[in-house]
Amino acid sequence: MAAQARSYCPRLMRGLFFVALLSVTAIQAAPYRPTSDAEILTRLPQRSAAPRPQQGHALSEEQAARLARIFIERARSNGDPRELGYAQGVLAPWWQAEEPPDAIRLLRATLKQSRHDFNGALVDLQQLLERRPDDAQAWLTQATVLRVLGRYQEAADACAALQGRAAAFVAALCSAAVHGLSGGLQTAAAQLDELRPQLAAQSAGVAAWYYAERVEMAERSGNQALTAELYKAALAAYPGDQGLLASYADWLLDRGRAAEVLQLISADEPADALLLRRALALHAVDDPQFDLLNTRVLDTFAAGHRRGEALHLREEARYRLALGDDAEALKLATANWAIQHEPWDARLLLRAAQAAGQPAVAEVVRQWQAATGFEDVRLAESAR
Amino acid sequence: MMRALLLVLMALVSGASQAHRPSDAYLSLELEGASVQGHWEIALRDLAVLVELDADHDQQLSWGELRAAQPALVSVLLSALELRSADAPCPLAVTDMMVNDHSDGRYAWFVLQASCAQAPQHLDVDYRLLAGIDPTHRGMLALTTTGAGTQTAVLAPDGGPRRFGLEAPSPLQAVRDYLREGVWHIWIGYDHILFLLALLLPAVLRYRHGTWEAVDGLRPALWNVFGVVTAFTIAHSITLSLAVLGWVYLPGVWVESAIALSVLIAALNNLRPLLRARWVMALAFGLLHGFGFAAVLGELGLPDGARLVALVAFNVGVELGQMAIVLMAVPLAYVVRRSLFYRVGVRVVGSLAVAGLAVFWLLQRIGVLAA
């Protein structure tokens with residue numbers, strides 16, 4: 001923009017350009033030569049315990065699948081998309097294959113899902129399940145993808161297929177979660193409460209998943225006291241869980257408790273998704289630190305746009321909405337709704353349409369809500 | 001089974017887990033004739049995947065460790081980027097390494113040099129950084145050619161060579177582009193417009209016995225306009241050409257300040273005319289404004305092979321844009337020339353306002369006021 005302005009009218013724009021240049025140099029300074037060999041440039045992620053990212057050509061199917069699983073698991077725990085790239089790297093020899101081995105097809109579907117290639121993931125899962133109808137992981141992944149797409153009937157079928165194929169707790173959690181999204185919020189919440197005594201026997205990942213589902217139901221019911229209690233319990237058990245931290249921060253921001261978000265997410269937090277929430281909290285309390293963090297957040301969005309990716313549409317729409325850029329927020333929220341239909345996406349489109357003074361744009365959400373029976377007290381609040 | 005089940009949870013938190021950024025590198029190439037200059041910025045994290053950088057395994061990367069790894073890095077880079085033109089390679093060299101800070105971490109900055117056998121008509125870029133290792137890596141290419149501008153592309157490491165055309169635009173295209181630029185620049189160049197309007201404002205009046213009165217007919221008004229516009233056009237065309245062709249040069253800040261001064265003088269002249277023949281002023285100061293246009297054109301650059309055509313097209317565009325302003329302003333002024341509103345409101349108050357703005361510009365341009 002600045003460069004364009006410059007070429008169009010130097011006299012008029014010089015001042016403006018200079019200001020723009022300053023803001024760019026704040027993040028992209030000129031290259032420099034460190035003065036001392038001892039100067040530390042960066043920390044490197046620990047790799048000693050992990051396999052080195054590598055090309056998949058020399059690997060057997062089993063080796064490649066094992067490495068891909070490790071990289072995916074690391075991506076899950078540290079939120080770093082490069083790990084997903086490394087997983088795709090070791091699977092590269094089979095990435096385009098029509099008939100990859102089953103284990104690799106499942107991993108491929110997981111990676112496609114993480115890149116928001118939901119239809120590609122569903123095709124792989126469908127073919128895998130035709131060959132191996134007893135593959136519980138494939139059913140669960142399929143249920144997840146269908147949920148993100150708002151296709152609750154099919155998701156319920158996939159969860160039902162888990163009965164007898166996966167642990168009873170997981171099958172029940174899957175079914176109740178989908179039921180809770182499609183017209184059965186209160187019964188589903190009751191079902192989850194019945195499961196709660198078994199929680200202690202579950203693995204950490206499954207238990208964190210349980211909390212995520214239960215707390216969201218409490219939020220959608222408008223039960224603030226229960227929500228607060230569940231977040232407290234969940235974060236006490238899984239203090240580093242990024243998904244929980246992010247949704248807790250969202251809940252606090254919605255309640256105007258920005259100061260607590262600043263306590264929850266420190267300035268040196270490496271994860272962009274959490275930093276975005278910190279930026280919103282700084283904005284809410286009018287803290288001067290906001291400007292610097294805002295530059296970084298916007299730079300992250302810009303990098304996504306440069307790549308031509310739509311992975312950050314939800315986050316960007318939500319960010320721009322909070323900062324009052326209503327028209328842009330509505331554009332992004334609309335594009336995001338075309339890709340995914342989770343509770344956040346519905347709320348976002350409603351709020352953005354309301355803020356931009358174009359409530360009719362969110363008519364698709366109300367139709368979808370009527371068709372699915374989706375319940376969320378916050379939707380009614382947003383529409384007001 | 002349970003371990004495998006964990007995988008699904010990624011999807012459940014997909015919204016929140018888009019933390020950090022995927023791997024991007026920035027490749028910038030500038031072509032001038034047969035030689036290529038450029039730089040390539042790669043995240044240190046990505047380099048650590050390609051080459052063992054952390055020699056002492058303390059998970060800290062020092063500048064010394066990076067420098068020690070430079071030869072290994074250079075050989076990796078040279079095997080990851082190939083430039084070809086007309087089916088002949090343009091041999092590439094990495095001549096220097098620095099570091100640069102991005103909002104998502106520190107990057108190494110490699111200085112590149114390459115030379116093709118002859119000035120290429122097109123360039124094939126085969127980008128393979130992290131090929132097979134991280135297929136989600138992307139190289140953000142900015143390819144600049146003198147005269148043909150900058151083109152950008154997103155390069156995937158497994159995408160195979162990409163071909164970029166480097167030919168300058170056709171003369172016809174150049175004429176169209178520069179004509180449009182010319183029109184655009186006079187419209188957004190407020191100081192040129194105000195100078196012209198200040199000179200044209202009294203064209204429908206005449207100064208007699210110490211007062212301004214309306215001219216009787218259209219003829220004297222049109223002569224006034226014709227004289228001013230023609231003189232301004234001839235003058236700025238001369239200096240625009242001289243400056244763009246590189247025969248005369250004036251420092252930009254002088255030109256800008258003098259242009260502001262010319263607006264001030266033209267406006268004050270409407271209050272109490274020191275110079276009745278305004279075409280003389282148009283001619284004299286028009287020479288200055290030509291340098292102003294030249295600065296604009298200098299930043300746009302002239303396309304190779306169509307320099308003269310583009311220069312003429314730009315100039316014609318300026319005249320067309322200027323003519324449109326004259327055609328809008330003069331008939332209006334002619335119609336209302338007898339009114340008190342025009343003779344006092346527009347001439348006096350308008351000229352004072354223009355003068356005030358000109359003073360503001362002048363102070364800004366000589367650096368007294370912050371821009």
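Helices (H or I, at least four residues) and strands (E, at least two) are DSSP runs, numbered from the N terminus. The model is predicted: local features need pLDDT of at least 70 and side-chain atom pairs count only at pLDDT 80 or more, while totals for chains, interfaces and linings use all residues. Residues are numbered from 1 along each chain as its sequence is written, and chains are lettered from A and ligands numbered from 1 in the order in which they are written. Chain A has 22 helices and one strand, whereas chain B has 12 helices and 13 strands.

**Chain totals**

- Of the 384 residues of chain A, 45% are buried; a residue is buried if 20 or more other C-beta atoms lie within 10 Å of its own, exposed if 12 or fewer, and partly exposed in between, with C-beta atoms placed from the backbone.
- In chain B, 43% of the 371 residues count as buried.
- Two residues are in contact if their C-beta atoms, placed from the backbone, lie within 7 Å.
- In chain A, 48% of the contacts with a separation of 6 or more join residues 24 or more positions apart.
- For chain B, 70% of the contacts between residues at least 6 apart in sequence join residues at least 24 apart.

**Chain A: α6 with α8**

- Helix α6 (residues 102-114) of chain A packs against helix α8 (residues 136-148) of chain A at an angle of about 15 degrees, and their axes are 11 Å apart.
- That angle makes α6(A) roughly parallel to α8(A); angles under 35 degrees count as roughly parallel, over 145 as roughly antiparallel, 65 to 115 as roughly perpendicular and the rest as oblique.
- Axes are lines fitted to C-alpha atoms, for helices over the stretch in contact, and angles run from 0 to 180 degrees between N-to-C directions.
- The two helices, α6(A) and α8(A), have a left-handed crossing; a crossing is left-handed if the near helix is turned anticlockwise from the far one by less than a right angle, and right-handed if clockwise.
- From α6(A), Leu106(A), Ala109(A), Thr110(A) and Gln113(A) meet Gln137(A), Ala138(A), Thr141(A) and Val145(A) of α8(A).
- The residues in this contact of α6(A) with α8(A) comprise four nonpolar, four polar and no charged; Ala, Val, Leu, Ile, Met, Phe, Trp, Tyr, Cys and Pro count as nonpolar, Asp, Glu, Lys and Arg as charged, and the others, Gly among them, as polar.

**Chain A: α14 with α16**

- The axes of helix α14 (residues 242-254) and helix α16 (residues 272-284), both of chain A, come within 10 Å and cross at roughly 15 degrees.
- Helices α14(A) and α16(A) are therefore roughly parallel to each other.
- The crossing of α14(A) with α16(A) is left-handed.
- On the α14(A) side the contact is made by Gln242(A), Leu245(A), Ala246(A), Ala249(A), Asp250(A) and Leu253(A), and on the α16(A) side by Ala273(A), Leu274(A), Arg277(A), Leu280(A), Ala281(A) and Ala284(A).
- By class, the contact of α14(A) with α16(A) has nine nonpolar residues, one polar and two charged.

**Chain A: helix α4**

- Helix α4 (residues 81-90) of chain A is mostly covered, with 10 of its 10 residues buried.
- The buried residues of α4(A) include Arg82(A), Glu83(A), Tyr86(A) and Gln88(A).
- Among the elements that cover the buried residues of α4(A) are α3 (61-78), α5 (92-95) and α6 of chain A.

**Chain B: an open sheet**

- Four strands of chain B form an open sheet in the order β5-β4-β8-β11, with antiparallel pairing; two strands pair if DSSP finds at least two bridges between them.
- Strands β5 (88-89) and β11 (162-165) of chain B are the edge strands, each pairing on one side only.
- Strand β8 (residues 122-127) of chain B is joined to β11(B) by four bridges, and the two run antiparallel.
- Opposite Asp124(B) stands Arg163(B) in β11(B).

**Chain B: positive phi**

- Most residues other than glycine have a negative phi.
- Ala86(B) has a positive phi, near 50 degrees, and is found in the loop between β4 (81-85) and β5 of chain B.
- Ala86(B) counts as partly exposed, because it has 13 C-beta neighbours inside 10 Å.
- Leu130(B) also has a positive phi, near 60 degrees, and lies in the loop between β8 and β9 (138-145) of chain B.
- Leu130(B) is buried, because 29 other C-beta atoms lie within 10 Å.

**Chain B: Leu73**

- Leu73(B) is in helix α5 (residues 70-80) of chain B and counts as buried, with 21 C-beta neighbours inside 10 Å.
- Leaving aside residues up to four places away in sequence, Leu73(B) touches Leu47(B) and Val51(B).
- Leu73(B) and Leu50(B) are 23 residues apart in sequence, and their C-alpha atoms are 7.9 Å apart in space.
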